[in-house]
Amino acid sequence: MHNEINQDALELIVQEVIKQSLTSGADQVKVAVSHAIGFSVNARMSEVENIEYTNGHGLSLTVLMDKKKGSASTTDLNKSSLSETIKKACSFAKYTTKDECSGLPEKSDMFKGEIKDLELYHDWEISVEEATQIAIACEAAALNLDPKIVNSEGASVSSNRSIHVYGDSQNFLNSEMRTSHSIGCVVLAGDKNEKQRDYWSSSSRHPDDLDNHLLVGKKAGERTLDRLGSKKIDTTEAPVLFSPKLSSGFINHAVQALSGGAQYREASFLLGAMGNRIFPEFLSIKERPHLLKGWRSSFYDGEGVGTYDRNIVQQGVIEGYFLDSYSARRLKMETTGNCGGAHNLIIPGNISDQEAIISTMKRGLLVQELIGQGVNNVTGDYSRGVAGFWIEDGKIVHPVHEVTISGNLLDLYQKISLIGNDYDHRSSTHCGALLVDNMRIAGN
């Protein structure tokens, strides 16, 4: 079982833990167990820097005794360790406060359909030697691009496979197998007294969907060279364009604020936003949990509730929250099958891509990198350090660094005017380049 994923053995463990927990006095039990196997290779300056193998198990158990909850987890799946974990969870449940909202989902909400293949598992038949050669060649493609590329933080190749088994005392038991593979490269360029760094990467469920490693290296090199000659700009107000790599994060602040936890704790700048127009009319956000090869695809959520297609935002209006069974009970609503977070989100664009948006801009800032964590999810205040490019008359004129963009998300979301259809395949939020008509930009 140590080098291979053994689905049957893991399912048996889940069933056994549920049985023993019920015998130990629990009314309700849920168990999740996972096993991940993989490796990553890092090469720097044409030499192997490190090779890392992972082969790890994890089990988490939650028991309920008279609406009192106890949880425990372990990375050791031996019988004695599992017994100890059950004992711990049950003893914790005796000391916690009773909570009427806790408990397993309603049976009627549980996934009952047929599990079809969502194409989430595609093994990569690659040896460590081959991965090493790919990493070295990827880095070389960046280093050989231009004499100004003077150093490297390395290139990496990784491949992981995992299984996740979930079961509960309502006789729900299912497993999901997944893979993820990636290639990435980070290099530094220098000119006169200036140094810049940038990177590029490609990741996918299927190895055939990865970008060619030489293209990954070349793109890392090009992005780094493009940043040479960066200047600060004067403080101003102007349109700000988020690249496809960053636009999903900008939208995800709203997703976080619409989560059940943020809503019932009243810690959200979108508190009680259901039915309100928060975005412009052209914008909609669709949740699609059954996309083939999707990063967040699944027929059921983290507690076995069935997932389904739904529209979170329609014509700018909030139509749904992201609820698990606990937050749904707290809010006197129904679970939406989002225990564990949002599934794949799609934000259809109203223009082709980033280039098309740039061509419409008289002046403004294209943001390529965000620095710092300055987002307050309770108030919606937004302030981030950025690096990117200044745009004039529909063209990039020079790179920009050491500036800060800021505003309030409630206001900024209303000012979104263009979204491209050029979304980044590495994210589970499919949103292309995104233009906010006006933001404060602090520089000199």
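In what order do the six strands of the open sheet run? This is a predicted model, so please hear everything that follows as computed from it. The order is β3-β2-β1-β4-β5-β6, and the pairing is antiparallel. At the edges stand β3, residues 68–74, and β6, and each has a single partner strand, so one side of each has no neighbour in the sheet. On average, neighbouring strands here are turned by 20° against each other, ignoring direction.

Strand β1, residues 28–44, and strand β2, residues 47–65, are joined in the antiparallel sense by 17 bridges. Within this pairing, alanine 43 sits opposite valine 48 in β2.

Next, the helices on the sheet. Helix α1, residues 7–23, lies across β1, β2, β4 and β5, and runs at about 145° to β1. Helix α4, residues 213–226, also packs on the sheet. Helix α4 touches β4, β5 and β6, and its direction makes about 150° with that of β6.

Now to strand β6, which covers residues 194–204 and contains glutamine 196. Is glutamine 196 buried or exposed? Its relative accessibility is 9%, and the limit for buried is under 20%, so glutamine 196 counts as buried. Its side chain makes a polar contact of 2.9 Å with the side chain of glutamate 194.

In one of them, aspartate 198 meets arginine 227, side chain to side chain, at 3.2 Å from N to O. Aspartate 198 is in strand β6, while arginine 227 is in the loop between α4 and β7, and the two are 29 residues apart. Both aspartate 198 and arginine 227 are buried.

A second salt bridge has aspartate 309 and arginine 288 as partners, with 3.9 Å between the closest N and O atoms. Both residues lie in the loop between β8 and β9, so this pair ties together parts that are 21 residues apart in sequence. Aspartate 309 is partly exposed, at 45% relative accessibility.

Aspartate 411 is partly exposed at 37% relative accessible area, and lysine 415 is partly exposed at 25%.

Technical notes: Residues numbered from 1 in each chain as written. Predicted model: local features only at pLDDT ≥ 70, side-chain atom pairs only at ≥ 80, totals over all residues. Heavy atoms only, no water. Helix = DSSP H or I, 4+ residues; strand = E, 2+ residues; numbered from the N terminus. Buried < 20%, exposed > 50% of the residue type's maximum accessible area, 1.4 Å probe, protein only. Polar contact = N/O pair within 3.5 Å; in protein donor to acceptor, adjacent residues only side chain to side chain. Pairing = 2+ DSSP bridges. Axes fitted to C-alpha atoms, helices over the stretch in contact; angles between N-to-C directions. Contact = heavy atoms within 4.5 Å. Salt bridge = Lys/Arg side-chain N within 4 Å of Asp/Glu carboxyl O.
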